[in-house]
Amino acid sequence: MERTVTSKPLTGDVFYPPPEIESQANVPEYETLYRRSLEDPQVFWAERAAELEWFQPWEEVLDDTEAPFFRWFVGGKTNIAYNCLERHVKTWRRNKLALIWEGEPGDTRSFSYHALDREVAKFANVLKSMGVKKGDIVSIYLPRIPEQVIAMLACARIGAAHSVVYGGFSVEALAERIEDAQSRVLVTADGGWLRGKIVELKQIADEAMARQPTIESCIVVRRTGQEIYMEAGRDYWWDDLMGLPIASPVCPSEPMDAEDLLFILYTSGTTGRPKGVVHTHGGYMVYTYTTLKYVFDLKEEDRYWCAADPGWITGHSYIVYAPLLNGATSFMYEGAPNYPYPNRWWRMIEKYGISILYTAPTAIRGLMRFGDAWPNRHDLSSLRLLGTVGEPINPEAWKWYYSVIGKERCPIMDTWWQTETGGFMITPLPITPLKPGSATRPFFGVEVDVVDDQGKPVPAGDEGYLVIKRPWPAMLRTIYRDPERYKNQYWSKFGHMYQTGDSARKDEDGYIWVIGRMDDVIKVSGYRLGTAEIESALVSHPAVAEAAAIGLPHELKGNAIHAYAVLRAGVEPSDRLAEELRNHVGHEIGPIAKPENITFVDGLPKTRSGKIMRRLLKARALGQPEGDISTLEE
């Protein structure tokens with residue numbers, strides 16, 4: 001039967017949802033509800049917010065009088081952690097599993113809503129005993145273990161904000177983020193497991209604390225058990241503190257204004273300093289709750305697995321907050337997808353009966369390399385929906401995921417969104433006809449367009465700037481301590497439209513195809529890395545005078561970093577030096593930022609104003625036309 005999104009048949013390669021998924025979807029139809037969400041957004045979002053609990057109702061859904069500093073659910077009092085745990089503990093969900101966890105070595109733990117609530121209350125009281133109070137920012141640097149979730153929720157419960165730093169980042173990245181947040185408390189672990197090796201988190205944390213003396217207390221989780229340095233009066237073991245009388249299992253959530261700070265998440269910018277994206281309790285809560293409920297069609301019996309890391313926005317929104325807001329059962333895994341064998345993920349899906357898998361194209365491409373035999377030896381029949389996040393997925397990987405993993409019966413929710421947006425912005429629903437490689441249509445209440453330099457819509461099929469034309473509840477509120485940067489980065493080009501920094505095209509059916517970044521940010525394996533951060537790390541090595549970094553297409557990672565280095569006088573280029581520089585970048589930022597290769601050059605192409613023309617380096621590397629070089633200095 002021919003099905004359509006509009007009155008006419010869709011063009012191109014289209015995959016329709018199975019009737020059994022369509023008939024049971026939380027949202028049975030898209031167009032009418034989407035139209036209503038744009039015609040009366042205040043009513044639409046008020047209805048969604050009313051599904052959650054508020055200590056005090058809001059007076060106004062949206063205040064746009066000081067745009068682009070928008071405020072949502074003005075005057076409302078709530079607490080996202082209360083809605084994640086205490087709200088459910090009062091119901092039959094008290095004994096429902098909230099979190100199932102497996103460590104890379106194979107150890108397992110699980111928590112009911114009641115048990116997770118107790119652990120969060122205990123750690124919230126530990127933080128209070130360390131002097132953490134409402135408005136403080138706690139830095140968290142942990143592997144993918146339950147304590148990461150517990151620490152984040154404990155901060156939110158007492159009204160402190162969290163700044164989670166990805167456990168794959170190294171000294172410089174951690175130190176910078178601690179400094180910007182002015183954190184007095186750091187939560188870390190002795191180490192974490194990855195590919196059978198220990199990631200030395202405490203050692204990295206020690207080095208970062210030596211650079212940033214703001215940290216007064218460091219709480220350390222025992223994960224790997226190796227000997228580590230513990231400084232008396234500063235460093236405390238998590239389990240020791242949780243066993244003390246101070247760690248009472250009773251700690252009611254602090255009533256928070258809807259616009260109070262929930263967390264800062266640092267993301268790579270086009271200038272050297274990472275920018276602290278600010279999210280707040282009210283709007284972020286309502287939006288992440290709604291998007292997960294509708295897009296992944298959550299049912300009470302689902303076992304949902306978002307295979308990201310809580311250190312990134314995907315983990316904040318769709319491992320920690322949205323699943324718990326929805327009363328779902330989540331699965332979390334510590335280690336690498338292919339350790340010790342390439343069937344690790346498929347074995348866990350079979351073992352735990354996972355029904356929804358949400359992951360990045362880079363993981364799909366990486367596992368696709370090992371062929372169909374590994375997944376085919378496992379029973380993946382529990383899967384109902386699949387999802388992708390982090391970067392556009394190439395159609396070949398999409399089709400492998402759909403046919404080999406989903407057995408052609410699991411629609412793929414290919415979601416486009418950003419750290420700054422807080423939640424899904426362009427995404428299918430389980431009822432949406434799919435086109436491999438397209439994120440399809442905007443979510444409810446979200447109005448997007450593809451425009452030219454003047455902000456005018458471009459014709460169907462043409463590439464342009466992807467913009468968002470109206471505010472949404474989970475939008476970032478500002479850049480921490482830098483409102484001017486917020487205005488300049490996101491609102492200066494088009495004024496009333498949010499500039500995403502991505503290029504895209506819209507096809508004749510209104511489907512959006514996101515192409516990639518327009519600025520100096522490289523997406524490696526779905527993670528954003530600023531060229532400026534990588535270049536700064538290279539230049540911090542005594543051999544390097546100047547550096548440039550670009551992203552080039554990579555079969556598995558989506559993009560790989562390629563760096564160009566101008567050496568200081570008297571330093572000779574060599575393979576050994578190139579390897580030393582790669583490792584230096586890995587040490588300063590993290591292994592994910594290691595350049596694929598380093599080319600030694602005598603000089604870098606620059607504009608007359610001194611800006612490095614990375615576009616030109618990229619065109620030359622790919623053998624493409626160099627385009628306009630009128631601004632190139634002689």
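**A pair of packed helices**

Analyst: Happy to! In this predicted model, helix α13 (residues 361-368) packs with helix α15 (residues 395-405) at an angle of about 70°, and their axes are 10 Å apart. Angles of 65 to 115 degrees count as roughly perpendicular, so that is how α13 and α15 lie to each other. Now look at who touches whom: α13 contributes I364, R365, L367 and M368, while α15 contributes E396, A397, W400 and Y401. Sorted by class, this contact of α13 with α15 holds six nonpolar residues, two charged ones and no polar ones.

Next, turn to the sheet. It is open and built from seven strands, in the order β12-β11-β8-β6-β7-β14-β15, with mixed pairing. At its edges are β12 (235-237) and β15 (275-280), each of which pairs on one side only. From one strand to the next, the twist averages 25°.

To find the pairing by eye, look for V220, whose bridge partner in β12 is W237.

Helix α8 (residues 201-211) lies across β6 (137-141), β8 (185-189), β11 and β12, and runs at about 155° to β8. Helix α11 (residues 313-325) also packs on the sheet, where it touches β7 (161-164), β14 (261-267) and β15. The direction of α11 makes about 140° with that of β14.

How values were computed:
Residues are numbered from 1 along each chain as its sequence is written. This is a predicted model: local features need pLDDT of at least 70, side-chain atom pairs count only at pLDDT 80 or more; totals for chains, interfaces and linings use all residues. Side-chain values use heavy atoms; hydrogens and water are left out. Axes are lines fitted to C-alpha atoms, for helices over the stretch in contact, and angles run from 0 to 180 degrees between N-to-C directions. Helices (H or I, at least four residues) and strands (E, at least two) are DSSP runs, numbered from the N terminus. Angles under 35 degrees count as roughly parallel, over 145 as roughly antiparallel, 65 to 115 as roughly perpendicular and the rest as oblique. Contact means heavy atoms within 4.5 Å. Ala, Val, Leu, Ile, Met, Phe, Trp, Tyr, Cys and Pro count as nonpolar, Asp, Glu, Lys and Arg as charged, and the others, Gly among them, as polar. Two strands pair if DSSP finds at least two bridges between them.
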